[in-house]
Amino acid sequence: MKATAVITTIGAAATLLALTGCVPNASPSDSAAITVDSSADACTVSTNTASSGTLRFEVTNSGDQVTEFYLLADDGLRIVGEVENVGPGISRDLVVQAQPGDYFTVCKPGMIGDGIGNAAFAVTGDKVKLAGDEQEQVDAAATNYVAYIKDQVAQLVTGTDTFLAAYLAGDDETARATYATTRANYERIEPVAESFGDLDPEIDFREADVAPDDEWTGWHRIEKDLFPPAAADNGGVEYVALTPEERSYYADKLKENTQQLYDAVHASDYTVTIDAISNGAIGLLEEVASGKITGEEEIWSHTDLWDFQANLEGARVAYEGVRDIVETKDPELVKTLDTRFGDLEQQLAAYGSLDKGFVYYDELTPAQVKELADGVNSLSEPLSELTSTLVG
Amino acid sequence: MTDDSLVDGTAPAAPQKLSRRGLLGLAGAGVVGLGVGVAGDRGVLAATASAGGSTTGGTSYPFYGEHQSGIVTPAQDRLHFAAFDMSSTATRADLIELLQDWSTAAALMCQGKPVGEFGAVDGPYDAPPQDTGEALDLPTGGLTITIGFGPTLFVDASGADRFGIASKQPAELTELPHFPADDLDAQRTGGDLCIQACSDDPQIAVHAIRNLSRIAFGRASLRWSQLGFGRTSSTSTAQVTPRNLFGFKDGTANIKAEEPGKVSKSVWVGSSDAPAWMTGGSYLVARRIRMTIETWDRTALSEQEKIIGRTKGEGAPLSGGKEFTAPDFSVLGRADKPLIDADSHVRLAHPDSNAGSEILRRGYNFVDGNDSLGRLDAGLFFISYQRSPQQFIGIQMNLAKNDLMNEYIRHVGSGLFAVPPGAKQGSYVGAGLFS
């Protein structure tokens, strides 16, 4: 199951049945698989009928071309479930939650044409509890989230201008004071920047991320200049401050890259898929787990908790955007996530706020760091189910 | 561990000379009885691995030979790896003597014998036993001991040629470059010397490192060491491919002992390579790769398979086939995107992405308790052997820059060592360096 492909058909899918990675009380592994053999000239399904609920199709490609398997609605057109990109000899599962009704199964070796072996497939039994009409909710979630991204990036552009003006004027004190808060606009939507390939490395690479012959640019290059390390923390080498010319070079680069980000998200055709929103929430928490909670992201300024807060806020916004859709599918998950988001927000609030500032990472005790890490894990673990539930 | 009563019954408590003779005869008989053939000069053992990856307890590999054992030897299940620094007062003579003592002791242990003239339970009653004893009653366990020399043995950090061997330093034996996202801990990096001890029994591997470090006291001391509890590579086609802690099969496309062409092309330093004392040797790269398995475990199966480029169950390349089917990077899926992602691990590590470079991998899974954040301190202790370090450097630079897996791993320890050829009986490992 590949989430990005699922998205394109989610509207149609939602009205009948749903792909799912998380079905309470009916683990896919418990249900006997319906086997599908996709060969060069046949699409052999082990049965043509099943009871409503969770179905698992185990699709094996015995042909020599890449194949796809579809479960189509009663009109034979709407896709209600699919697996794609199944290489020769490979097996892959399609797990769906099926309502009673008439369907068609079809394989598409070579991924072109109408497919072969189109056959009727009947689902009998009781109606499974359904989500409401999702399309409107999905559209609204995407519209809202795109607006949020645009707003954050717009604020980032002006904030970066102000920050860089101070930095270029040699007003390091002001630059230091605005460093972490300006970055918050970036940290809230970082997975968006990551989706544009080279932009995130140029804007946000840490020194350790850079290959020997590659250029190191962006926020952390300037961070090191504003919060210069002692020689002992710099591989034993005395840090050499950037010259005014160098400062202006890196400032221009950052300004330019930030503008590119702005242009990209303000393009008329810019949009996000529903799974990009939920994966954004998951990704932001992983950012916290891998970089902030370890103090590696802001190794010179130690403003990791500012980033932590911004990541968490961004994750909360992304989560809220899809929360209602998820609630109809898995109310327990939503309940857990509501609680744990609240818990972690409260836990972090004990160390400050973006307005008033946070405790610096190097001032935290190991026990405090451990406690925060536990809080992150406590939210991240259930949050990792968000996308599979959402597109399910 | 399979008992081998032939060895078990004779090892302890007997007078040393009798013990040695008895062992030689009986162990030999045991090997023949088990149907195990040893190709002495290469250290290649045929048909020892069972389906579960364990070899029989009575397996033994010769310490002496053209090449050191523990390289193309079918990867044993357990590892104890150790890096040593020479003591600040050690002389050239001390270094030579240490290598001689290590070679003698290693040869004994590889035969399942205790070290020293008197072993573990004989000798003067008022003296501490020469062997530490925890391997008594255990079989040979397929132990191999492989010794290597770090760059600092030749020229130390201050530029000093402490042992008069600077002129013999291979040009390739320099510190590895900084790879993107390297986060190396000085306490787990470098070293003047290294010893890789592998066995199917963890206690046998630990016994080897323990006794060799004891022998070194005063001349060299442990700098860092690493236990590995499960092999992650197959170095023989007779072995089943094991899994790493990501849950994926690892080392499917590794160089295998049964591929002599590849081994001589990519693993052994050839007679046309410099310096001459390294002919028949190899270069060992060790990397302690921490895996953030907690984050990995929250990743969708589709994403995990995309990152690796293989299916998790069978280990088949996503382009199709079975585990050992060659990946076909040209196969396109939906929207004409390659089925095997351009930045997947299998693709970036493949010889096609690295100007044909191949390396022999011999890594081990590790879990060293947990860190202060409550995460398992787990990962892969990567070991590779190659004819030139450049093979590893090229591949790793490619991986470090592009590999989708980088989000879930961190290289926290590192070492590069020149592994000299095997020693002849009566000589010692590294003798060529001092002649």
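**Figure 1. Helix 4 of chain A against helix 7 of chain A.** In this predicted model, Asp172(A), Ala175(A), Arg176(A), Tyr179(A) and Arg183(A) of helix 4 of chain A meet Trp219(A), Glu223(A) and Leu226(A) of helix 7 of chain A. Sorted by class, the residues of this contact comprise 4 nonpolar and 4 charged ones, with no polar residue among them. Two packed helices are described by the angle between their axes and by the distance between those axes. Here helix 4, which spans residues 172–187 of chain A, and helix 7, which spans residues 219–226 of chain A, pack at an angle of about 145°, and their axes lie 11 Å apart. The crossing of helix 4 of chain A with helix 7 of chain A is left-handed.

**Figure 2. The open five-stranded sheet of chain A.** The 5 strands of this open sheet follow the order 4-10-9-6-7 in chain A, and their pairing is mixed. Strand 4 (49–51) and strand 7 (79–86) of chain A each have a single partner strand and stand at the edges, so that one side of each is left without a neighbour in the sheet. From one strand to the next, the twist averages 20°.

Figure 3. Strands of a sheet pair through backbone hydrogen bonds, in either a parallel or an antiparallel manner. Strand 6 (residues 67–72) of chain A runs antiparallel to strand 9 (residues 101–107) of chain A, and 4 bridges join the two. Within this pair, Phe69(A) stands opposite Cys107(A) of strand 9, while Tyr70(A) faces Val106(A) of strand 9. Strand 9 of chain A also pairs with strand 10 (residues 116–124) of chain A, in the antiparallel sense and over 6 bridges. In that pairing, Thr105(A) is placed opposite Ala119(A) of strand 10.

**Figure 4. The two domains of chain A and the confidence of its prediction.** The domain assignment of chain A gives domain 1, covering residues 3–124, and domain 2, covering residues 135–390. Taken over C-alpha atoms, the centres of domain 1 and domain 2 of chain A are separated by 39 Å. The mean pLDDT of chain A is 88, and 91% of the residues of chain A reach 70 or more. Over residues 1–30 of chain A, however, pLDDT stays under 50, although the model has 81 contacts beyond four places in sequence for this stretch. Where pLDDT is low, the predicted coordinates should not be read in detail.

**Figure 5. Strand 10 of chain B with strands 7 and 11.** Strand 10 (residues 364–370) of chain B is joined by 2 bridges to strand 7 (residues 230–231) of chain B, and the two run antiparallel. Here Gly230(B) stands opposite Asn365(B) of strand 10. Strand 10 of chain B also pairs with strand 11 (residues 376–386) of chain B, in the antiparallel sense over 5 bridges, and Val367(B) is found opposite Ala378(B) of strand 11. The hairpin of strand 10 and strand 11 of chain B has 5 residues between the strands, and in this hairpin Gly374(B) takes a positive phi near 80°.

**Figure 6. Two backbone features in loops of chain B.** Most residues other than glycine have a negative phi, and most peptide bonds are trans. Ala181(B), although it is not a glycine, has a positive phi of about 70°; Ala181(B) is placed in the loop between helix 4 (151–154) and strand 5 (193–199) of chain B. A cis peptide bond, with omega of about -10°, joins Ala274(B) and Pro275(B). Pro275(B) belongs to the loop between helix 6 (260–266) and strand 8 (282–291) of chain B.

**Figure 7. The contact between chain A and chain B.** Chain B brings 30 residues to the contact, and chain A brings 31 residues. On the side of chain B that touches chain A, helix 7 (293–296) and helix 10 (389–402) of chain B each supply at least two residues, and helix 10 of chain B gives the most, with 3 residues. The residues of this side of chain B divide into 11 nonpolar, 12 polar and 7 charged. For the complex, the predictor gives an ipTM of 0.74 and a pTM of 0.81. The mean pLDDT of chain B is 88, with 87% of the residues of chain B at 70 or more; over residues 1–55 of chain B, for which the model has 108 contacts beyond four places in sequence, pLDDT stays under 50.

How values were computed:
Residues are numbered from 1 along each chain as its sequence is written. Chains are lettered from A and ligands numbered from 1 in the order in which they are written. This is a predicted model: local features need pLDDT of at least 70, side-chain atom pairs count only at pLDDT 80 or more; totals for chains, interfaces and linings use all residues. Two strands pair if DSSP finds at least two bridges between them. pLDDT is the predictor's confidence in each residue, from 0 to 100. Two residues are in contact if their C-beta atoms, placed from the backbone, lie within 7 Å. Ala, Val, Leu, Ile, Met, Phe, Trp, Tyr, Cys and Pro count as nonpolar, Asp, Glu, Lys and Arg as charged, and the others, Gly among them, as polar. Axes are lines fitted to C-alpha atoms, for helices over the stretch in contact, and angles run from 0 to 180 degrees between N-to-C directions. A crossing is left-handed if the near helix is turned anticlockwise from the far one by less than a right angle, and right-handed if clockwise. Domain bounds come from an automatic or database domain assignment.
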